[in-house]
Amino acid sequence: MDSVLNPYTPNAGASPDIIVGREEQTKAFATLLQRLARGRTHQSMIITGLRGVGKTVLLNEFGDIARSERWEVLELEASKHDDTRFRQTMASLLKAALLRLSPRVKWTDRARRAAAVVTSFALSVDQQGTWSLAWDVEPEEGYADHGDLGLDLTDVLVAIGEIAKERERGVAILIDEVQFLSVRQLEALIQAVHKTVQRKLPVTFVGAGLPQIAELAGDAKSYAERLFQFPKIGSLDDADARGALAEPASVEGVAYEAGALDLAVEITKGYPYFLQELGYEVWEIAESSPITRLDVEMAKEGYEAKLDSSFFRVRLDRSTPLQTAYMRAMAELGPEAQKASDVARMMGRESTQLGPTRAELIDMGLLYTPEHGYAAFTVPDFDRFILRAVPTLTVPEVQKRRKKKGE
């Protein structure tokens, strides 16, 4: 069929033409905005889930919903940056939001004060002035200049929230990959949002990240559980998985046979990214409507090859030989979460020897800990891939500690 009309979007974070199975989350977000706009508090949310389940797509949908309600949207993909870089990024986003909420030629006294607080927040980045916001607004003394990220971010979000309220607008901070924020950065965001909630300001922070985020947020601030819901999203149920394939195709006048959908859902297990990838390959192979089970069978090899060469491979290529061996041992034990001691035994090592390796893989976002002492892959079907990619478990020899001079 015509490749130009292919309705599937197997790209990282790319929104499908039709989003299915996430109505509960989008409705909750719309309710959040509407309540905040009326000065009523409501729990925000931090969405958790494995790779490929559509967390980024859902955040993008939230952004569209917020913009349709005339809210300012600050979008950020978290990275492992120090507090200085985090401040720089937030200061730039907040400056832009302020100018969109209230163009400079229309600034009220409150808007000028908010601008001064943003300047104070930016100056806290570097007292030597090697980085600035490139505008001639003097700082507001005593605000956002404490040298403490949590206190400073609180001051600036309150100031921006007051302008948003004055303009009958709102500010939505949407952060993807939340697990890559430092504890201090996550704590500062939670602390700042807590204060805007207390002031009944139209400001919210919605995050998305890997499953360990709920625990990290709770560790950062004890009241996080009262500020946020932590909805977990995963594979789509049978009806929604079928809809994710059939509905976009129907827009282009193409149908699926029931058997084709049966096999497609079986192959992908209903994971949204996998559905997009398989749908794309099937479309390229099928010659006419309706798409048949044979079309899906013929597309399977290309689908798996594409996943292996991109979605899976990019994660394996980041790993050291010892990290690769750790994941290979986990895969040998099965797709479920694996106990650290069992993985160590498979590798002929002690758990204490492999503790740092396990921690590194968690820090890289390749593993997460569903419960104490266990680890699981953050990518669906990664166990099957690594068994294909690394046919034999090869454990590097223990590296002997080099002696220092004088020892």
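Here is a tour of the sheets, a helix residue and a pocket.

A word on ground rules: this is a predicted model, in which local features need pLDDT of at least 70, side-chain atom pairs count only at pLDDT 80 or more, and totals for chains, interfaces and linings use all residues. Residues are numbered from 1 along each chain as its sequence is written, and side-chain values use heavy atoms, with hydrogens and water left out.

**Stop one: the parallel sheet.** Select the five strands that make an open, parallel sheet in the order β2-β3-β4-β1-β5. (Strands are DSSP runs of E, at least two residues; helices are runs of H or I, at least four; both are numbered from the N terminus. Two strands pair if DSSP finds at least two bridges between them.) β2 (71-77) and β5 (228-229) are the edges: each has a single partner strand, so one side of each has no neighbour in the sheet.

Now zoom in on β3 (residues 170-176) and β4 (residues 203-209), which run parallel and are joined by five bridges. Click Ile175 and look across to β4 for its bridge partner, Gly207. Next, show α6, which packs on the sheet and touches β3, β4 and β5 (contact means heavy atoms within 4.5 Å); its direction makes about 150° with that of β4. Angles here run from 0 to 180 degrees between N-to-C directions, with axes fitted to C-alpha atoms, for helices over the stretch in contact.

**Stop two: the antiparallel strands.** Select β8 (residues 374-377). β6 (residues 338-339) pairs with β8 in the antiparallel sense over two bridges, and Gln338 stands opposite Ala375. β7 (residues 367-368) also runs antiparallel to β8, again with two bridges; there, Tyr368 has Ala376 as its bridge partner. Five residues lie between the strands of the β7 and β8 hairpin, where Gly373 takes a positive phi near 85°.

**Stop three: Asp308.** Find Asp308 in helix α12 (residues 293-316). Is Asp308 buried or exposed? At 19% relative accessibility, Asp308 counts as buried (under 20% relative accessible area; exposed is over 50%, partly exposed in between; 1.4 Å probe, protein chains only). Leaving aside residues up to four places away in sequence, Asp308 touches Arg313, Phe385 and Arg388.

**Last stop: lining residues.** Show Gln179, Leu181, Gln212, Leu216 and Asp363, which lie nearest the centre of the second largest pocket, among its 16 lining residues. (A pocket is an open set of 1 Å grid points where a 1.4 Å probe fits, with protein on both sides within 12 Å along at least five of seven lines; lining residues have an atom within 4 Å of a point.)
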